Amino acid sequence: MKTINLKGLEMDAYEETLENGLKIYMLPYENKKNYFISFATRFGSDVLEFIDENNEKQVPPLGIAHFLEHKMFEQSSGEDPFTFFSKSGTDSNASTSFDNTQYICYGTKDFATNLRYLLNFVMSPYYTDQNVEKEKGIIAEEIKMYEDMKEFALEMRLRECVYKNHPRRYDIAGTVEEIEKITKEDLYHCYNSFYIPNNMFVLIVGNFKKEEALKIIREELADKKEKTLPTIKSIAEPSKVNEKEAIITSNVEIPKIAYALKFPIKNTSLSGVELDLYLHMLTTIIFGASSLFRERVRQEKLLSSLYTEWESTEEYKVFYLMASTIEPEQLIKEIKKELENIECNEQTMNRIKKVWISSEVRMIDNIDATVNNLYDDIIRYQRIIPNKLELIKNMKLKKLKELIKEIDFKNSSIVKMVKDKD
Amino acid sequence: MKYTKKDLGSYNLHLINTNRLKTITIKVVFHTPIKKEEIMKRIILSDILLQSTKKYNSKRLLTIEAEELYAASIGISSQRMGNYIHTSFILEVLQDKYTEAGNLEKSIEFLKEIIFNPDITEKAFQKDKLDLSKYNSVVAIQSLKEDASNYSAIRLLEAYDKDSPISYRMTGYIEDLEKIDEKNLTETYQKMIENDYVDIYVAGDFEEKEMTALIKQYFKLKKIKKQKENYFLPYRKIRHRKLIAKETIDNSQSKLLIACPYKKLSDYERDYALVLANIIFGGGTDSKLFKNVREKHSLCYSIYSTVHKLDNLMIVAAGIDRNNFRKTVDLITKNLNAMKKGYFTEKDIETAKEFYNSSLLEIDENANRLISEAMAEDILKMDSVEGRMERMNSVKKADIVKVCKKIGIDTVFLLEGVKNEDN
């Protein structure tokens, strides 16, 4: 078992790989009553087409990974995993993303039993024509619920503008029409191809004993066979954004805008965590809570709310900005102006570093936040990052300025959401 | 966790000590009986006090100062709690041992600056700042419908009882906004500082004496005030025939909400049996509603019930297709009736108890939870956290059935999604 000292946080994490390729990451706490277990596979909505173990081409309907996640909760015994976990007051849930699906449980009691159960239920698919049909109504309501969220509709349109071919232009849950086509065979093809130990990992954080956890995982999963990973059809995505501008209408009183910047990773020498930190630093300086931009647009009543995020794919980093504003044109002008003339200095950068380091220290207190943080690291960098604090401290203004030169700020898309004309 | 309450004359100091947190959280609560026409002023006040102070005269400078205090977070909110409105100032900051000596005290001073040194000159707030706060409110009010869940909950309560504080919109009202100016907002501020009841909650790892001295040093209030009015809303008579209200919206999904008031309950029934009844009926993914309405009949993705103790009300909420309205209401009614007839098992009760206890075990991990449990003890007169677990364990099935029999279906509201349909 590998020990990973989280420098500056006075904590040790542990990493182990079973012979069948299953990865295990653990962060035990001394002073917590609760624990959190995640069992995950690197399978999400990014997979559109693949060659399975029988050398057959599979093109499942959109939304299959998410549908499969719902159906894992169906067990041949008829027992509902939610009910099982509830018996010890344990919460359970699952979520599907672009590049992963995770099953989680969190509670304060019966750690061993719950860990064993979680591993087992995710390893026991039970799909029937009837239970697949039954799920369609539930997921259709879930899709409709998201469609009605304005920010979500705006983001989906923006994704279509950024990506020409990449699956990130589609909703993770698919569409009502697509999920109607899903059969139990589709689910089994996907399950057998991607729910294999060498494509999965377990992450445990909180109140538990690492030896005990490892023993249980070995007992439950060591006999699962390693398999060849399916070949996923890679989809060529051009460097340029797909569409520069789009307008959509909706029943909003206050218009919204969404801006995206597409940055090919090949354009910079930075990589991994470092690249992400610098990109994040850049947009925090420009659009962060204490930025000059915020102060100006706020005073001019150009901004009601602002949300920013960086997304990673294998080849791209994409920056998303979403805002509500009564003056969409004016705000877009301001954003562009800001990006054409980026001002950054040591003082601002040091203040942001201080904020980030404080947040890391604070976050380790909160098990939920820590789990999310570690999970993201594992998904994105294939490992837990032990020296994030150090990496933040060592960030240099010069490197940031070099990165700015490497970015083509014109490679961007803008979507406006305005009120229906009735 | 150790909770002590100290009466410091002009305010109560609540100290919640735990060694499980790296942060110190301080919540200063100003509270007064709620009046509909005053809500807007309190909302504007919550916004403008966080825009600037005498010392930091812009939001940016205020934010920078918070960042310099090792990312201290500070927030102001105004919320209704039963018959009262709470305007709360919350500071969360790392302990000095993770930052530097004196950072906590500087942060408390910063909180004091925001509460007691507002940007007021010649008895008036700055006009440009007030305009901005008003603008923020206009936007919030105009975009209410965009969040269908929240909007439908408001509309349900307005249909349920439009005159009761239960249906007051906590975004405030446009017609009240126009009446607010730089001068009368100053009066609202002064009135709040001078007349409101004040409670200060501190959660984290600290020395009791030191913390008490610090708070006393920075928070000096003059008047001695004693709380009188009851926090709980009065019980309402349940309608004999349920009221059905509908409104259309250009959305794909419809939101179904049901107001289920209950007849008078004893404190014990409300704090224990009702809590279990709600967990079993619609509390989570193991509830009757989730199992029967979602899993068995595929009628929705989301369905749950919540209890609003101060308002004597349980609310059921589900996202459905409009064509399934009748069917879903019937199923929910059927499930509530089943609860009244005792169609649930001892195992359901055990599970619900586990859920409740497990959630109480975790409160140490979260400062906001610690504070809200202390508030429940102080305001709702609930038992201590330890006492609660013990009493909860002794609740019997008959107690739960008895409570369920007092719950009625009063008002049904449907926010009807009619997108892509011919009318």
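What distance separates the centres of domain 1 of chain A and domain 2 of chain A, taken over C-alpha atoms?

1. This is a predicted model. Chain A is divided into domain 1 (2-232) and domain 2 (245-419). Taken over C-alpha atoms, the centres of these two domains are 28 Å apart.

2. The contact between the domains takes 32 residues from domain 1 of chain A and 30 residues from domain 2 of chain A. Among the elements of chain A that give two or more residues to the domain 1 side are strand E1 (2-6), strand E2 (11-17), strand E9 (200-206) and H5. H5(A) provides the largest share of that side, 9 residues. By class, the domain 1 side has 16 nonpolar, 7 polar and 9 charged residues.

3. Helix H4 of chain A (residues 129-147) has 19 residues, and its span from first C-alpha to last, 27 Å, is close to the 27 Å expected at 1.5 Å a residue.

4. Buried residues of H4(A) include A:Val132, A:Glu135, A:Ile139, A:Ile143 and A:Met145. The buried residues of this helix pack against helix H1 (64-71), helix H5 (150-162), helix H6 (176-180) and helix H7 (184-194) of chain A, and also against E12 of chain B.

5. The contact between the chains takes 45 residues from chain A and 47 residues from chain B. On the chain B side, at least two residues each come from helix H2 (59-68), helix H4 (127-142), strand E12 (313-320) and helix H12 (346-361). The chain B residues that touch chain A divide into 16 nonpolar, 16 polar and 15 charged.

Methods. Residues are numbered from 1 along each chain as its sequence is written. Chains are lettered from A and ligands numbered from 1 in the order in which they are written. This is a predicted model: local features need pLDDT of at least 70, side-chain atom pairs count only at pLDDT 80 or more; totals for chains, interfaces and linings use all residues. Two residues are in contact if their C-beta atoms, placed from the backbone, lie within 7 Å. Helices (H or I, at least four residues) and strands (E, at least two) are DSSP runs, numbered from the N terminus. Ala, Val, Leu, Ile, Met, Phe, Trp, Tyr, Cys and Pro count as nonpolar, Asp, Glu, Lys and Arg as charged, and the others, Gly among them, as polar. The expected span of a helix is 1.5 Å times one less than its number of residues. A residue is buried if 20 or more other C-beta atoms lie within 10 Å of its own, exposed if 12 or fewer, and partly exposed in between; C-beta atoms are placed from the backbone. Domain bounds come from an automatic or database domain assignment.
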